Amino acid sequence: MKKLLLVVLSVMTMMVFTACGSEKTSTSQEDKANSEDKIKIVTSFYPIYIETLNVTKGIDGVVVENMTKSQTGCLHDYQMTPADMKKLENADVFIANGAGMESFLQDVIDNQKNLKVVEAAKGIELLADEHGENPHVWVSVSNCMTQVQTIADELSKLDPEHADAYQKNAKEYIAKLEDLKQDMHNQIDNLPHKDIVTFHEAFPYFAKEFNLNIVGVIEREPGTAPTPSELDEIIAQVNDLQAKALFAEPQYSSTAAKTIANETGAKVYTLDPVVTGENDLDAYIEAMKQNALTLQEALK
């Protein structure tokens, strides 16, 4: 009888441990499945990252990662790193600005055959000069709205399960951008002076939207100091301004702007093209509000 009882107890103990083991295995498999079910989105750089965060906010199973650091700035001559390649290999969607901003974009398209690539600037009419087409479309609030809608539309096609959520988020963010745009027009439209000298070619779309006239550019490309003849030309342009103001950018050295200011008596202000910043949903809006205040002060 005792032997029979021991056998029964042994069998029951084995059943309990087996059941526990089965439960652990099942949970592990579910975790793996849940991980695989996530939509992994990688963005090229900061302004696209903020737009995408707003479109995807609060949606379970959608993960957004910025390929470059939020302090990287524009990607004109950016060289992709092995870490960047790894991020893209593990991603489902890559959202870029396009319009020539990411010089490496075609290589990504050619080499990452399973990666869905979205160009947020698609369909936006590009401004061009003798140096080529300008990719800084997001610095216009109207273009930013267009990019947000493009991102939402493309993600809705790629991930129809969350289409309603993408569209709802985009609608809410675009409404906030509409309010921002109207407030900025109220602040800028009636300023007495509209001629400005900017640091580099980041502001043509912004200037077009708010009826400003860019009469000079200090550095065509950040880090490329103006030649002596270019410096003389800019100094002459600044001397002709009624409101002697120069606009540097927070991401780059203002040495050249200060040199011009010393020669002309102009004051150096800061305009932000929002290529760097904090990972905050309203970062673009707050930066643009500050730009409007800066222009009010500089062009009064």
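Modeller: Before we look at the sheet, a ground rule: two strands pair if DSSP finds at least two bridges between them. Helices (H or I, at least four residues) and strands (E, at least two) are DSSP runs, numbered from the N terminus. This is a predicted model, where local features need pLDDT of at least 70, side-chain atom pairs count only at pLDDT 80 or more, and totals for chains, interfaces and linings use all residues. Residues are numbered from 1 along each chain as its sequence is written, and side-chain values use heavy atoms, with hydrogens and water left out.

Biologist: Okay, in what order do the 4 strands of the sheet come?

Modeller: Read it as β2-β1-β3-β4, an open sheet with parallel pairing. β2 (62–66) and β4 (116–119) sit at the edges with a single partner strand each, so one side of each has no neighbour in the sheet.

Biologist: How many bridges join β1 to β3?

Modeller: There are 3, between residues 39–43 and residues 93–96. Val42, for instance, has Phe94 in β3 as its bridge partner.

Biologist: And how do I read a pair of packed helices?

Modeller: You describe them by the angle between their axes and the distance between the axes. Axes are lines fitted to C-alpha atoms, for helices over the stretch in contact (heavy atoms within 4.5 Å), and angles run from 0 to 180 degrees between N-to-C directions. Here α5 (residues 141–158) and α6 (residues 163–188) pack at about 180°, their axes 9 Å apart. That makes α5 roughly antiparallel to α6 (the label for angles over 145 degrees).

Terms used. Parallel < 35°, antiparallel > 145°, perpendicular 65-115°, else oblique.
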